[in-house]
Amino acid sequence: MFLYLDYPSWIHPQIFPGVKFLGILRWYGLMYAFAFVTAYFVLKKCAKDGDLNTQTYKITDDDLFSFISTGIVFLLIGARVFSTLVYNQYDPSNPNSINYWTHPWLIFWPFDNGKFTGLAGMSYHGGFVGGLLGMIVWCKRHKQSFLKWSDAMVCAIPLGYTFGRIGNFLNGELYGRITTMPWGMTFPAAERFSAALPWVQEFAQKIGMDISSVKLVNLPRHPSQLYEAIFEGVVLWAIIWLARKHKKFDGMLGAIYAGGYGFARFIIEYFREPDADIGYRIAKDSSAPIYMNTSLLNFSTGQILCFLMVAFAIVYAVCCAYISKKHKRGQK
């Protein structure tokens, strides 16, 4: 009995693999489009329910479109900049490696040796910072309450984020560490291990995998992209949506989103494999392998950034509650 799943062979990163001119269309890009469209309709629902209207201003569709468009532009800029400057590790021995700190003009260059590659590599945390700045800029320009608009926006973001992680799954990237769980999956691009290693043989025996005829073994991994889609996407959205009609102050939903995402992602990072060229930023054992979790004290880049998100959420909630309380006193 096999206690693991094979990654579906019919899934390809390209929507139309092998078709000339259409080969550049990838599932990940389509998922981004689904994410933005979903965010728009959820935000529109919030506006229709009166979450954004004030006594002196009624929200229009043009407002919603320009708000989301501004947020998207800043989000993409932040996501790309973070990905290249924080996550990218320059390797002088690799002729294809790029030092973006000394070649910043290549951050948004979508070609590699004359071949269109798109903007491969986006960072969620960079997108978070960029999107936050975009919302602040738009609200300041249109003289709207940032706290109200950001609360409405975070009602939409998790569902959109779900599509992004599904896109990662379809790309066969950002997979997790090796696992003996029955839903573990063998991802095609994952690191392979020598079948001669005793621990590999023991691992394979536990999951009923026959490795007698191979030299290198592709062991099953946690489908961490789907974990994130569920908990950082659907579950977090449900929590925020239920809290939407019961919020105590403007900014509360934004704090729930930042803290909830940071907490969920911090936990899931224990199942997700860190980037091979970065490894652990903080480690109890610097020689610990990244393909399995050997200690809860080994922290990835994502976990450090998620910890900062949770800290930000706490400070943000306290500040928003104070502002709300002060505003209510001023109205008396």
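A nonpolar core is a set of buried Ala, Val, Leu, Ile, Met, Phe, Trp, Tyr and Cys residues joined through side-chain atoms within 4.5 Å. Keep that in mind as you move through this predicted model.

**Stop one: the core.** Select Leu43, Leu52, Leu64, Phe67, Trp149, Tyr257 and Tyr261. The largest nonpolar core has 41 residues, and these touch the most other members. Now colour the helices. At least two residues of this core come from each of helix 1 (27–48), helix 2 (61–87), helix 3 (124–142), helix 4 (146–154), helix 7 (224–243), helix 8 (252–268) and helix 9 (301–331).

**Stop two: Tyr261.** Centre on tyrosine 261. Beyond its neighbours within four places in sequence, tyrosine 261 contacts Tyr124, His125, Tyr161, Arg165, Glu228, Glu232, Leu236, Ile256, Cys306 and Met309. Then jump to Phe193, Val200, Ala204 and Ile207. They are among the 13 residues of a second, separate core.

**Stop three: helices 3 and 4.** Show both helices. Their axes come within 10 Å and cross at roughly 135°. Helix 3 is therefore oblique to helix 4. The crossing is right-handed.

**Stop four: the cysteines.** How many disulfides are there? The count is zero, with a cut-off of 2.5 Å between sulfur atoms. Start at cysteine 139: the nearest cysteine sulfur, that of cysteine 320, is 13 Å away. Cysteine 139 counts as buried because its relative accessibility is 2%.

Terms used: Residues are numbered from 1 along each chain as its sequence is written. This is a predicted model: local features need pLDDT of at least 70, side-chain atom pairs count only at pLDDT 80 or more; totals for chains, interfaces and linings use all residues. Side-chain values use heavy atoms; hydrogens and water are left out. Buried means under 20% relative accessible area, exposed over 50%, partly exposed in between (1.4 Å probe, protein chains only). Helices (H or I, at least four residues) and strands (E, at least two) are DSSP runs, numbered from the N terminus. Contact means heavy atoms within 4.5 Å. Axes are lines fitted to C-alpha atoms, for helices over the stretch in contact, and angles run from 0 to 180 degrees between N-to-C directions. Angles under 35 degrees count as roughly parallel, over 145 as roughly antiparallel, 65 to 115 as roughly perpendicular and the rest as oblique. A crossing is left-handed if the near helix is turned anticlockwise from the far one by less than a right angle, and right-handed if clockwise.
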